[in-house]
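Biologist: Could you walk me through this model, one feature at a time?
Modeller: Gladly; here it is.
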Amino acid sequence: MINPVARAALALRERRRAPDLGQIMSALPVPVVLLDADNRFRFANPAAEQFLGISVAGLSQLRLRDLVPEDNPLFLLVDQVRKGDATVSDHDLSVDSPRLNKQGMTVQGSPLPEEPGAVLLVLQDASAARALDRQLAFRGAARSVTGMAAILAHEVKNPLSGIRGAAQLLETSVDAQDRELAVLIRDEADRIRALVDRMEIFGEKPIARTAVNIHRVLEHVRKLAQSGFAPHIRFHENYDPSLPSVWGNRDQLVQVILNLVKNAAEAATQEEQPNPEITLVTGFQHGMRLAVPGTTTRLDVPLLVVVRDNGPGIPDDIRPHLFEPFVSTKTTGSGLGLALVAKIIGDHVGLIEVDSRPGRTDFRLHLPVVADEEAEPGI
Ligand SMILES: Nc1ncnc2c1ncn2[C@@H]1O[C@H](COP(=O)(O)OP(=O)(O)OP(=O)(O)O)[C@@H](O)[C@H]1O
Ligand SMILES: [Mg+2]
């Protein structure tokens, strides 16, 4: 153990050879960019390169207006920083331009005392934080339906099979007109049975996990879709073949992707869209960590899966309730698909985010990977 005087001496020595500002900024995990008085990018740290999807070399050729439309409130913020010579922050800022698409960012701008006109911008993607909020809210909602689902499944199944059996018997012994009614009873009983089966997953069972190759899951679902409910849709794949395996339950992950692809197919085939398309993307993203519920452990969730469609986008009024059960805008929908997806992803200690506007809806999954896996091909 080091004594306090020695520690102070060490600290003093450290201070004398303190790293320069550039080094400190480069090490920051938060995206930071510096604009000069002409709104040219003078500096960007690696986190900002990743956030903006542009290299420092690329950025140094650009002005702010090359990335952000000039009527965007970000320009107002930069002006306010220069005029007021003080820090200004803005929440829920969105940029929608050919080079940059960010929704709900938080941006903080500060002047640099020794560089007149320069503005330091600290950027933060709020969508992850908001998604987390929604997911946590969902966990509460899911718990309240958990008990109900278990009781329903248990209590409804037995009498239901009795009703179904009786209807089937009737079918053989009544005249043609009544037979139609008997068939109706059987079909409706089957529908309730299917609904109850889907609700059973809301029970609190621990999941059995193995190493799952996410590309095999995606390809399996794509084939199911193309030979079943989405034969008319064009699929695009943009996979990162070097990805490690997901630490998860293969069948449940198939259910997740299937529900997302089914929703995407239903959205993309609405009449206004003549060329329905679904894009499946995988990638690796550093820096996303989640708390494991009920423990102090934090888990990295670096594996990213995106299911994208070019449909009309998610209606505004249902966005806040998207992951709650029984929320649906479809005449034949049960509204359980996304509730199920959120429940499974929550059980995997993963995260789901949504970015949606007309013509482009992204459902993004962040999942944990198998630690220390022998390198194996990802596709
Ligand atoms: N990709 C998407 N584009 C536009 N809206 C979507 C998309 N995915 C989901 N939604 C909206 O979210 C609602 C809820 O979706 P969810 O999958 O939970 O239920 P559903 O699809 O209506 O019914 P179910 O999945 O049970 O058959 C949908 O009714 C739809 O309005
Ligand atoms: Mg659905």
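Modeller: The chain has eleven helices and 14 strands, where helices (H or I, at least four residues) and strands (E, at least two) are DSSP runs numbered from the N terminus. This is a predicted model, in which local features need pLDDT of at least 70, side-chain atom pairs count only at pLDDT 80 or more, and totals for chains, interfaces and linings use all residues. Residues are numbered from 1 along each chain as its sequence is written, while chains are lettered from A and ligands numbered from 1 in the order in which they are written.

Biologist: At what angle do helix α10 and helix α11 pack?
Modeller: Two packed helices are described by the angle between their axes and the distance between the axes. Here, α10 (residues 250–268) and α11 (residues 337–347) pack at about 145 degrees, with axes 9 Å apart. Axes are lines fitted to C-alpha atoms, for helices over the stretch in contact, and angles run from 0 to 180 degrees between N-to-C directions.

Biologist: Now the sheet: in which order do the five strands come?
Modeller: Strands of a sheet pair through backbone hydrogen bonds, either parallel or antiparallel. In this open sheet the order is β7-β9-β12-β14-β13, with mixed pairing; two strands pair if DSSP finds at least two bridges between them. β7 (234–238) and β13 (351–357) each have a single partner strand, so one side of each lacks a neighbour in the sheet. From one strand to the next, the twist averages 15 degrees.

Biologist: How many bridges join β7 and β9?
Modeller: Five, in the parallel sense, with β9 spanning residues 277–284. Asn 238 stands opposite Val 281 in β9.
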